[in-house]
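Welcome, and please open your viewer. We will go from stop to stop, selecting a few residues each time and looking at what surrounds them.

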Amino acid sequence: MMPLICRDSSLNGDTRAIAEQFGFDWLRSVPESAPYFLAYDFDGLALCPADNPKAHVRVDFAGGANDHRRRFGGGKGQDIAKAVGVSGYLPTVVDATAGLGRDSFVLASLGCQVLACERHPVVAALLEDGLRRAALVPDVADIAARIRLHVGAAHALLEHGLPEQPDVIYLDPMFEHDPKQKAAVKKDMQAFRDVVGQDDDTAELLDLALQQARCRVVVKRARKAEPLGGKSPSHSLTGKANRFDVYALAKVAPAG
C-alpha cells in the first residue's frame, strides 16, 4: 500500500479523503523501507522518491511543460492532432491509458472532449489532483473541463460501460518499447516504471478499442517499435522519437 503523508495539518481532512478514495496508507511519517511515497500540501499531491523527495512528480497543467506545449506546441499541426483527426470537426476521444494526462490535455486544448481512463491508483490520484487544480486557473479551466477522468481499467469500460460510442480511442501503452534504447529516462517515467510497472495487456485493449471506436484507433509507439499486438496500422505518422499508428475505421466526421 502506497504511503501518503500530509505536510500541513490544516489539510488533514483532504488527505484522509484521498487516502480513503484510492486506498493509500495515510501515515504521519514515511516508513524507512518505502522507496516512494505520496505527499500532499498546498501545491497539491506529489509522488516522491524516498531518497530524493525534491525530485517529485506532480501533475501541473497550468505551468511547466504542459503549459509550454499548450502555448507553443503547434496546435492542430502536431502529429497527435493529425493522427486523431482533429480538423474542423472535433472528435470525441477515449484516452484509454491516460497516465499523467499529457496527451489528454493536448487533445482537450485543441477542443476535443476527452474521457481519460487510468487504472493505477497512484497515477489516477495524481491526475485527479492535477485536474482539480487546473479547474481553478482561468487560463486552463476550460481545457480541464473538457477532460473527464475514469478511475479504473479501460477494458471493462470499453466492454460494458461507455455511455456513447467514441469517435477515436487513443492508446499509449506503458512498457519498454525498445530494450536497446540507452537514453536517460525522465524522472516521472522512471517513477512510473518503478511504481506502476509495465502494461502487458494492451494488445487485448487494442482489440477492444477496434470494436468500440467509431472512426479510428490511434496507438502511440516508440519510433522503431513493432506494431502493437502485431497488427499493422492503416498508416503511421513518424516523428523523431515517437510514432502514431492509425487504425482507420471510418472518416473522422460527424455521425450520420
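This is a predicted model: local features need pLDDT of at least 70, side-chain atom pairs count only at pLDDT 80 or more; totals for chains, interfaces and linings use all residues.

Residues are numbered from 1 along each chain as its sequence is written, and side-chain values use heavy atoms, with hydrogens and water left out.

**Stop 1: the cores**

Select Phe 24, Leu 38, Leu 47 and Val 84, the residues with the most contacts inside the largest nonpolar core, which has 52 residues. Such a core is a set of buried Ala, Val, Leu, Ile, Met, Phe, Trp, Tyr and Cys residues joined through side-chain atoms within 4.5 Å; buried means under 20% relative accessible area, with a 1.4 Å probe and protein chains only. Helix α5 (residues 121-134) gives this core its largest share, eight residues. Helices are DSSP runs of H or I with at least four residues, strands are E runs of at least two, and both are numbered from the N terminus.

**Stop 2: around Leu 47**

Which residues touch Leu 47? Beyond its neighbours within four places in sequence, its contacts (heavy atoms within 4.5 Å) include Met 2, Tyr 36, His 56, Val 57 and Val 195. Move on to Val 57, in the loop between β4 (44-49) and α2 (64-72). Val 57 counts as buried because its relative accessibility is 6%.

**Stop 3: Ala 19**

Ala 19 sits in helix α1 (residues 12-22). Is Ala 19 buried or exposed? At 8% relative accessibility, Ala 19 counts as buried. Not counting residues up to four places away in sequence, Ala 19 touches Leu 4, Phe 24 and Trp 26.

**Stop 4: two helices**

Finally, show α7 (residues 154-161) and α9 (residues 202-212), whose axes come within 10 Å and cross at roughly 30°. Axes are lines fitted to C-alpha atoms, for helices over the stretch in contact, and angles run from 0 to 180 degrees between N-to-C directions. The two helices are therefore roughly parallel to each other, a term for angles under 35 degrees. On the α7 side, the contact is made by Ala 154, His 155, Leu 158 and Glu 159; on the α9 side, by Leu 205, Leu 208, Ala 209 and Gln 212.

Within α7, Ala 154, His 155, Leu 157 and Leu 158 are buried. Their cover includes β6 (114-118), β7 (147-151), β8 (168-171) and α9.

Note on methods:
Angles under 35 degrees count as roughly parallel, over 145 as roughly antiparallel, 65 to 115 as roughly perpendicular and the rest as oblique. Buried means under 20% relative accessible area, exposed over 50%, partly exposed in between (1.4 Å probe, protein chains only).
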